[in-house]
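Here are some notes to read with the model open beside you.

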Amino acid sequence: MTRGKAIINTCSMVITLCCVSGALPAQQPKTNVTLGIKPDYWYTTSGDGVRVNDVLPGQTAAQAGIKAGDIITALDKKNIKNIFAYKDVLGTYHAGDSVVITLLRDKKPMVIRTRFAKD
């Protein structure tokens, strides 16, 4: 029993230290807008962009015609290599900003112009 408690305490200490040091928030930049996609987190580590797993109805991506399976490779010519780059670039936009989205659909490049929804 004592050994189990030590492992649990060690795990909670590591989680606490990460939160106190700011390691976790640094990995999740604040964004003012959303495309309204659910990314495929397994794919995004490949370095080829962010694959769309699902599109939320009524959101910017749905209105722009983005579909599940599309791979977002750039926003306004800023390369998107993975989910972290996607979140970083997304954090530079505000509601009402226009954006040019470069993506791959069925391995063919596409460019979509849209505007982030206002509240």
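Which residue forms a salt bridge with R105? Keep that one in mind; the answer comes in point 3.

1. Ground rules. This is a predicted model, in which local features need pLDDT of at least 70 and side-chain atom pairs count only at pLDDT 80 or more, while totals for chains, interfaces and linings use all residues. Residues are numbered from 1 along each chain as its sequence is written, and side-chain values use heavy atoms, with hydrogens and water left out.

2. The overall layout. You'll find four helices and six strands in the chain; these are DSSP runs numbered from the N terminus, with helices being H or I of at least four residues and strands being E of at least two. Going along the sequence, the order is α-α-β-β-α-β-β-α-β-β. The chain has 119 residues, and 30% of them count as buried. Here buried means under 20% relative accessible area, exposed means over 50%, and partly exposed is in between, using a 1.4 Å probe and protein chains only. As for contacts (heavy atoms within 4.5 Å), 46% of those in the chain with a separation of 6 or more are between residues 24 or more positions apart.

3. Back to the opening question. The partner of R105 is D70, and the closest N and O atoms of this salt bridge are 2.7 Å apart. A salt bridge here is a side-chain nitrogen of Lys or Arg within 4 Å of a carboxyl oxygen of Asp or Glu. R105 sits in strand 5 and D70 in the loop between helix 3 (60-64) and strand 3 (71-75), so this pair ties together parts that are 35 residues apart in sequence. R105 and D70 are both buried. As a general point, side chains of opposite charge can pair when their charged atoms come close.

4. The other salt bridge. Searching the whole structure gives two salt bridges. Besides the one above, D40 pairs with R51, with 3.1 Å between the closest N and O atoms. Since D40 is in the loop between strand 1 and strand 2 (50-55) while R51 is in strand 2, the link ties together parts that are eleven residues apart in sequence. Is D40 buried or exposed? At 15% relative accessibility, D40 counts as buried, whereas R51, at 28%, is partly exposed.

5. Strand 5 and its partners. For pairing, DSSP must find at least two bridges between the strands. In the hairpin of strand 5 and strand 6, two residues lie between the strands, and D106 takes a positive phi near 55 degrees.

6. The nonpolar core. How many residues does the largest nonpolar core have? The count is 21, and L35, I37, I66, I72, L75, Y86 and I101 have the most contacts inside it. Such a core is a set of buried Ala, Val, Leu, Ile, Met, Phe, Trp, Tyr and Cys residues joined through side-chain atoms within 4.5 Å. Strand 2, strand 3, helix 4 and strand 5 each give two or more residues to this core, with helix 4 giving the most, four residues. L35 is in contact with residues including I72, Y86, I101 and F116, leaving aside neighbours within four places in sequence. I37, in strand 1 (residues 37-39), is buried at 11% relative accessible area. Not counting residues up to four places away in sequence, I37 touches V50, V52, D54, A61, I72 and Y86.

7. One aromatic pair. A search of the whole structure turns up one aromatic pair. The ring centres of Y93 and F116 are 5.1 Å apart and the planes are at 45 degrees, so the pair is tilted. By the rule used, rings of Phe, Tyr and Trp (its six-membered ring) pair if their centres lie within 6.5 Å; planes under 30 degrees apart are stacked, over 60 edge-to-face, and the rest tilted. Y93 is buried at 4% relative accessibility, and F116 is buried at 1% relative accessible area.
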